[in-house]
Each structure stands twice: as C-alpha cells, then as structure tokens.
Amino acid sequence: MEIVDFSTSIWSILPPILALSLAILTRKVLLSLSIGIAVGALMLANGNIGMAISYLADRILALVYSVEDHALNDGNLNIILFLLLLGILTALLSVSGSNQAFAEWAQKHIKDRRSAKIMAACLVFVTFIDDYFHSLAVGAIARPVTDKFRVSRPKLAYILDSTAAPMCVMMPISSWGAYIMTLIAGLLAEHAISGYTPFSAFMAMSAMNFYAIFSIVMVFVVAYFSFDIGPMGRHEKLALEQMNHEQNTAAETKGHVRNLILPILVLIIGTVSMMMYTGNQALSENGKAFSVLGAFENTSVGISLVVGGVSAVIISTVLIMLDRLVTPSEYAKSWLAGMKSMSGAIAILFFAWTINKVVGDMQTGKYLSSLISGNLNPAFLPPLLFILGALMAFSTGTSWGTFGIMLPIAAAITVNAAPELFLPCLSAVMAGAVCGDHCSPVSDTTILSSTGAKCNHMDHVTTQLPYALIVALATALGYLMVGFTQSGVLGFATTGVILFILILLTKKRQQM
C-alpha cells in the first residue's frame, strides 16, 4: 500500500510523542506503545481504518515471516526462543536447590565484611545472563553471607541493582544484549547503514555506555572502601550496632553448587562456540580467512544464543535427573513458570519492533533532524538523549520500553543531523535508560533487587539514589565531551575523572 509522506510535517512526531507521553503519565508501556502504533498506522493510511489494519498486519507478519523471501524471520524467532529458554533455565536453577547450595558454600569461605560485599558484587560475572535472574538468584545466594557479617539489607539491594542492568546491558550473551541487538539490526537496515554489523555496533555502544561501566565501578568502590553516603550510612551503622537475630528458616538444601555453575558455564561456552562457528562460516562464504574478531563481527547471534540456551537447559536437566530430587510434576511446572516469566519481555519486544517500523515509515527522525540541525548544536545530542532516556525510564520504570521508543528516534535524528554521532547517541540512550531504571521506584529491577535482598523497597530506592545521581552527573559530562570531540576515549576519561572528583568532594563533605 502507498503510505502518506510525513517527512516534512510536524505531525510525524505525533506517534512517538504520544507513546512517550502516555508512558510517562500511565506507566503502562505496552498500552502506550500500542496507542502510538495505532495512531501512526492510521496517519500513514490517511485515516482509512481498513488500510491501517492492512498496514499493521503486514508489519506484524514481517516480524516472524518474510513475504519477499518466503521464509521465517529466523533472527526475531531465535531471540524469542532464547528468552523462553532463559526463563526455563532460571526456573530449573531455582528448583534444583543450587542457589542455596552455593550460599552455604560461600558462608564457609568468606572471612570478613568487605569480602562478603565484594563476593556479592562479583557474582554478576556469573549471573549476567538476565537482570531478573541476577537480582533474585544473587540475593538468595549472598543474603545469608552478608547477614552473617552484618552488611545492611539496603547495601545488598544496592549491590544487586547496580550490577544487574549495567552488566546485562553490555553483554551480548544476555537477554538485554539479545534484545538490543535485534533493535540495532532493525535500525541499521532501516537507515541502510552497512559499516557495522549488529554485533559490532552493540560492542562499540557497550564500550561507550559510561553510566553502566561506572555504576559497576562505583559498586566496587562502595564495597571495598565502605563509601556510605546519605541514608546508606545510617542503615550501615544500624546493621553494625545490632546483631542480626533473624533465623534461617529455609529447609536444608539438597542441591549442589555444580547445578548452578555448570549450566551457566555451558550457556557461555555453547553460545560463544556457536558464535565462532557461524562467524567462520560467513567468513568462508565470502572467501575470507578466519579471525576471532572477524568471526564475532559476522556471527549469527540469534542461533548462537539458542544453541547456548538449549545446551544449558539440557545440562541442567541432566544434573536434576542425576540428583533425583525433583519430581516430574515439579520439573514440568518449572518449565511453565520459566516461560511465563518471560511473557512480559517478549510482549515488549514485539511492540518495540512494531513501533520501530512505524517511526521509520513516519520519517520522524528526518523531520526532527531538520529542526535540530538548524537550532541545536549536534554536540549536545549525546547528553540530551542521555537525560531524556533517564527521564523516560524513571517515569515508566522500564529500560526495555525506553529502548523501544527512544532508540529509533535517536537513530533517525543522528543519521540526518550528525552521522558521526550515531553510535554515541544510541549508547547515550542505553545509558540513560539504565540510569532512570535505577532511580525509579516503579522499576521491576528495583523491586526485584529489594525482593532479592529482603529489603524495604523505599529504603532501597532512597539509599541507591545518591550513588546513581553521582554517576549520572559524571556520565552527562562525559557524553558532552564525546559530542564535541567525537572521541569515546576522551568521553570515558572525562567520566572517570569527574566521578573521582565527585567521590572525593562527597567524602570530604561527610567528614566536615
């Protein structure tokens, strides 16, 4: 069908602005995205409801089936399958008793308070496959250990929350990485950008995600130096002054540490191996010699994640069967519960893919770039997009919804106004989304971190906020440097120096 051209009309901004405004007002991302999609479809069809329905049907069908190629859309379907496998794996690790087994092992080897905090922070390098999994699993694993050494529950919740999303958003072998790479793939195709593959673009963006990187750095600073500011200092003082008399009422675990370690290792090794294999196949087809970097840049991420996920589920199942601790009924229920836990993420993914197409067809970015290029120095785009992403994620409580709405807009603006800032601006959106997610009391990750630490939710929100704001200020200045210099290295250095100064100033003020 022939669609209306909005490339020179202010009306081109209506669908994304409507979705953004409703998301802020209602905090219902799916409803807001669906309204933005419906309005955009009606506008593109010039108000003809039948044509709008036909347009949406074509766009939605294209998400799973390519009419032109007469084949399934393997990329999107593989990502959905991986998310389902990830949910199943998370449920199997829980039902196997491996979480509690690891907690008991750690209690025998951790010797002091600092080590307990660092142990909790370091577990993210094992559980980075998903933020939900990290917050709940590490909470269950680390809480008995941190309680033993009188680390406050808000401190544990902060460690969980400030390592979960920041690590997941930078790792290609995670639910976040898979989701973002599919969005990037759509944006690269939408704007005919051939200089990057989705994988190489994602890795470059991760290196420029200053908020995520320095949030993790801040966690280790806080854990090692006991850098307690604001309400956190009060909670830590209370935890040190009183013994924790809470009794562990959990039943004695019969699980094994290997039931946690082996499936995660298999997931990582299986995925990376398949990425190398598919990348090497692509290189061979193009007559190129094998190289590790070349393989990763040409790999098929979707199928690699599925292979890794299937391998991890299989090894987890084998271990459960060997232990004979789970009945067939409990095993089957864990599969259903695991898949159900990913239904929200998959729904957001579908809506994000769809509005991506609508925003592209509306040519929103082309219109906005014509305004920005004449009235705003493009150097201000990275910090501006960081702040806007943070505000939206704070209001809606979801990073994924913010990615779905903001990434297409940021890409379209920069392609036309400042192509050299394409990846830095997408990185700024990613960083802002994680920042807003951290600060938001309605964020699912924030809530799950409170749950994992068994901490009062608002205690967690108020104790984490000062740390998040310090890193956010340093990050905004870092992106300002990137905007003026187009150098990610200078932006990284600026963020690090500013963060160091802010930490010193904050500590000095506490001592006055």
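Here are some questions and answers about the pocket, the cavity and a surface patch of this predicted model.

In this predicted model, local features need pLDDT of at least 70 and side-chain atom pairs count only at pLDDT 80 or more, while totals for chains, interfaces and linings use all residues. Residues are numbered from 1 along each chain as its sequence is written, and side-chain values use heavy atoms, with hydrogens and water left out.

Me: What volume does the largest pocket have?
Reply: On a 1 Å grid over the protein atoms alone, a pocket is an open set of points with protein on both sides within 12 Å along at least five of seven lines. Its volume is the space filled by probe spheres set on the points. For the largest pocket that comes to about 860 Å³.

Me: Which residues are closest to the centre of the largest pocket?
Reply: Lining residues have an atom within 4 Å of a point. The largest pocket has 35 of them, and the closest to its centre are Asn73, Asn76, Thr182, Ala185 and Gly186.

Me: Which helix gives the largest share of the lining of the largest pocket?
Reply: Helices here are DSSP runs (H or I, at least four residues), numbered from the N terminus. Several supply at least two lining residues each, including H3 (49-64), H4 (74-95) and H9 (175-190). The largest share, nine residues, comes from H9.

Me: How many cavities of 30 Å³ or more does a search of the whole structure find?
Reply: A cavity is a set of grid points where a 1.4 Å probe fits but cannot get out. The largest cavity has a volume of about 30 Å³. Searching the whole structure for cavities of 30 Å³ or more gives a count of one.

Me: Why does Ile501 count as partly exposed?
Reply: Ile501 sits in helix H24 (residues 488-511), and together with Val497, Phe500, Leu504 and Leu505 makes a nonpolar surface patch of about 490 Å². Buried means under 20% relative accessible area, exposed over 50%, and partly exposed in between (1.4 Å probe, protein chains only). Ile501 counts as partly exposed because its relative accessibility is 39%.

Notes:
Patches are made of residues with over 30% relative accessible area and no salt bridge: like charges are joined within 9 Å, nonpolar side chains (Val, Leu, Ile, Met, Phe, Trp, Tyr) within 5 Å. Accessible areas come from the Shrake-Rupley method with a 1.4 Å probe; for residues, only the protein chains shown count as cover. A salt bridge is a side-chain nitrogen of Lys or Arg within 4 Å of a carboxyl oxygen of Asp or Glu.
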